[in-house]
Amino acid sequence: MTSGGGIQIPNRLPLLLTHEGVLLPGSTVRFSVDSPRNMQMVSQRLLRGTSLKSTIIGVIPNTRDPERDTDDIPTLHNIGTAGIAVQVVGSNWPKPHYTLLITGLCRFSVSNLLKERPFVLAEVEQLDKLEQYMIPATEGVSADDGELGELSQKFYQAAVQLLGMLDMSVPVVAKFRRLLDSLPRETLPDVVASMIRTSNKEKLQVLDAVSLEERFKKALPMLTRQIEGLKLLQKTRKMSPDNEKRVLSVRKGGVFPGRQFNLDGEDEDGDGDDTAVLERKVHGANMPETAFRVCLKELKRLKKMPQSMPEYALTRNYLDLMVELPWNKSTKDCLDIQAARTLLDNDHYAMDKLKRRVLEYLAVRQLKTSLKGPILCFVGPPGVGKTSVGRSIARTLGREFHRIALGGVCDQSDIRGHRRTYVGSMPGRIINGLKTVGVNNPVFLLDEVDKLGKSLQGDPAAALLEVLDPEQNHSFTDHYLNVAFDLSQVLFIATANTTATIPPALLDRMEVLQVPGYTQEEKVEIAHRHLIPNQLEQHGLTPQQLHIPQDTTQDIISRYTREAGVRSLERKFGAICRAVAVKVAEGHRVTRTETLIPSGPIEQGDKVTPPEMPIVIDPVALKDILGPPLFEMEVSERFTLPGVALGLAWTPLGGEIMFVEASRMEGEGQLTLTGQLGDVMKESAHLAISWLRANAKTYQLTNMVGGPDPLEGTDIHLHFPAGAVTKDGPSAGVTIVTCLASLFSGRLVRSDIAMTGEITLRGLVLPVGGIKDKVLAAYRAGVKRVILPKRNEKDLEELPANVRADLDFVTAGNLDEVLNAAFDGGFPGTASTHTHPQLTSKL
Ligand code: ADP
């Protein structure tokens, strides 16, 4: 820093453009920076630098609108203050930013901008002498120096007068006194202007006053004004230390030579301007009485705290959150059932039952504005539009929408927040959500309530119960806030894949609406009405550029996806769009080069571009883009041996087909079961074997050597492929029986049939759940005939007409009927070998 001409700042400085305040030489100011350029300056320069020199930066006040400080740099103020960054603190909350503590050294002017990115670097010219701080107070400008001397004398006296009016017991005041005597007079205008109450505009005037004389002239009236103000105040009431603190705008208080690298926090205790703003916000936040009182208390604490104390930031963050919360801010509901119906219909194809129930719910809400209705819970496989219906509900009501993902949440403080005593404590997701949407009556979608976990940190379901219970949620207390927030205006909607794992108490509060999977036809419609247009738009394509025929869609559905919803279908369209986007982009480049280098006469240049034709996705293009098909119709190929039957299973992801395989070998009558089975499933297998042994004679079942007991000298192995998935439930009973009957009789099960049903020891077939999803899965897999328990017949009404028309349904009351339907030409020994009385064909 030292050069021939005295102490110098570097002649190239990175600049901090700030609209937050004005740094004057001799004072220390805290700046919070979050604009990209300033952040780059901090991370690339301040945090990387190792020398003292690299901590010197130029602070340029940016008096323009902060919002516009993004891309183009604003016209810069010509004069700034070089300063030393004495502290850099980074934080990610509420958004990434750095807080810099900078001590001003001297003025400079910008002579040349060297670069603007990633941060601004400028060639600067130093305007003040740094040596001024080294001159003892007794030297330097004195009364003998003509006008300047007079001015400085006047200024000094005024400052002493001000001090005389203040209470010496306040530490800042005492320090001011000490410094006043030890500082050279030249520095007084800067130092005093940054200590007394002045606006940024006034500070800017002081900054701009390069000549010392002018600086004294500018700062003196501010000082006198301060004294006059204080006199007035003292007349009206007795001074208390609190008031004095306010007189000295201490946050931006002076830090003086010799102390610059040794901040002790005391220099900036209290917080004039900033807390005043906060206080105003607290008063304006319209919060309930209790919350307001808590805020005032915290505010009082904050004022007494030095800024460098970690708790300062905590308290500040807390208060910032409190004033930001929408205590009393709400959107106005605009509910028009007719419009809601249109909107729901436009957004979603099919799902009529769900849409009807949602409309009913909304209609009741319209008639009776109190919100104490049940909480809707959409239950169904992934990708069937649960979230998207939730979003539509918010739109029809004109409310804000916020999704809270609960999958994997196993700590109740996720919902209810951490107490503020913890480091890094924060509010829970509910309060955070409210802060995000900024109103107190949003639609909150509690996604995946069935995937709530449990852990030592308390049960999140219990916390959620409090959130959802209309009797309690008007005074929901987040641990972080520690005051009640009224959640009664929030409209909660939950989604889940299955009700089985929703905690019962929670389930009790909700009205479950099943959202089953879609049929192939429905998927095609959804694809062409919604998914494809959406994907085209997201990828910046138009129907003129990409065309996906219906046949291709059907191919994608049956050969590239196997799901109840449409999520992976949507992803496949995404993949196609990306591939086409590349082609379209390449195409543009080619045409451009062609026009640039025309082969013929120039006039023909335009004709080189062919008319735009859409890229049609035919089977060849499909295979190119998505690769070979992932699924083939494999059902019939697997029925080549006796001992295979096709069952139908229900999973939270929708219905599925499930093969059951059996084989036998010489042994001692042991049964081996493999394929990750639950207890109920194992019991079903034992039941099936017992029933078949008991009825072996009737059905002419034999062991390997033709003996009358199928298990004699024989071991049986039953396997349920796809062993990685745990399978349980009673509904595989009929399938196991059929599979074993096939094994023991040596006959093949019909290859186009699938079945489901629970069995009893006496051979009855009991009803099971999830019929719609199971039948849809069978339909997807190309099955032609489905065996169901008789008492499930009523469930068939829920199926789309075309599925009912395409499938044969056999409703069976006992195993006799099952076996009869499962084998070609009936099963030997069954009561109705030649007829199919239960066949309700083409329903
Ligand atoms: P979920 O919440 O049930 O897992 P999403 O709501 O995320 O499913 O739906 C996945 C995608 O499928 C979304 O883009 C949604 O718009 C679309 N979608 C699902 N069902 C329908 C439908 N019936 N009509 C139109 N689009 C649908």
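## Ligand shell

By class, the residues around the ligand divide into eight nonpolar, six polar and four charged; here Ala, Val, Leu, Ile, Met, Phe, Trp, Tyr, Cys and Pro count as nonpolar, Asp, Glu, Lys and Arg as charged, and the others, Gly among them, as polar. The model is predicted: local features need pLDDT of at least 70, side-chain atom pairs count only at pLDDT 80 or more, and totals for chains, interfaces and linings use all residues. Residues are numbered from 1 along each chain as its sequence is written, and side-chain values use heavy atoms, with hydrogens and water left out.

The shell has 18 residues, of which Tyr349, Gly383, Lys386, Thr387 and Arg567 come nearest; a residue belongs to it if one of its heavy atoms lies within 4 Å of the ligand. Helix H13 (386-397), helix H18 (520-538) and helix H20 (567-596) each supply at least two shell residues. Helices (H or I, at least four residues) and strands (E, at least two) are DSSP runs, numbered from the N terminus.

A ligand nitrogen atom lies 2.7 Å from a backbone N or O atom of tyrosine 349. The protein buries 88% of the 560 Å² that the ligand exposes when taken alone; accessible areas come from the Shrake-Rupley method with a 1.4 Å probe.

## Nonpolar cores

The largest nonpolar core has 51 residues, and those with the most contacts inside it are Ile430, Val449, Leu481 and Phe492. Such a core is a set of buried Ala, Val, Leu, Ile, Met, Phe, Trp, Tyr and Cys residues joined through side-chain atoms within 4.5 Å. Buried means under 20% relative accessible area, exposed over 50%, and partly exposed in between (1.4 Å probe, protein chains only). Elements that each supply at least two residues of this core include helix H8 (272-284), strand E9 (375-379) and helix H15 (429-437).

A second, separate core of 50 residues includes Leu513, Ile526, Ile548 and Tyr560.

## Arginine 399

Arginine 399 is found in the loop between H13 and strand E10 (401-405). With a relative accessible area of 8%, arginine 399 is buried. Its side chain reaches the backbone oxygen of glutamine 489 at 3.0 Å. The C-alpha atoms of arginine 399 and asparagine 441 are separated by 7.2 Å, although the two residues are 42 residues apart along the chain.

Methods:
A polar contact is a pair of N or O atoms within 3.5 Å; within protein, one must be able to donate a hydrogen and the other to accept it, and residues adjacent in sequence count only if both atoms are side-chain atoms.
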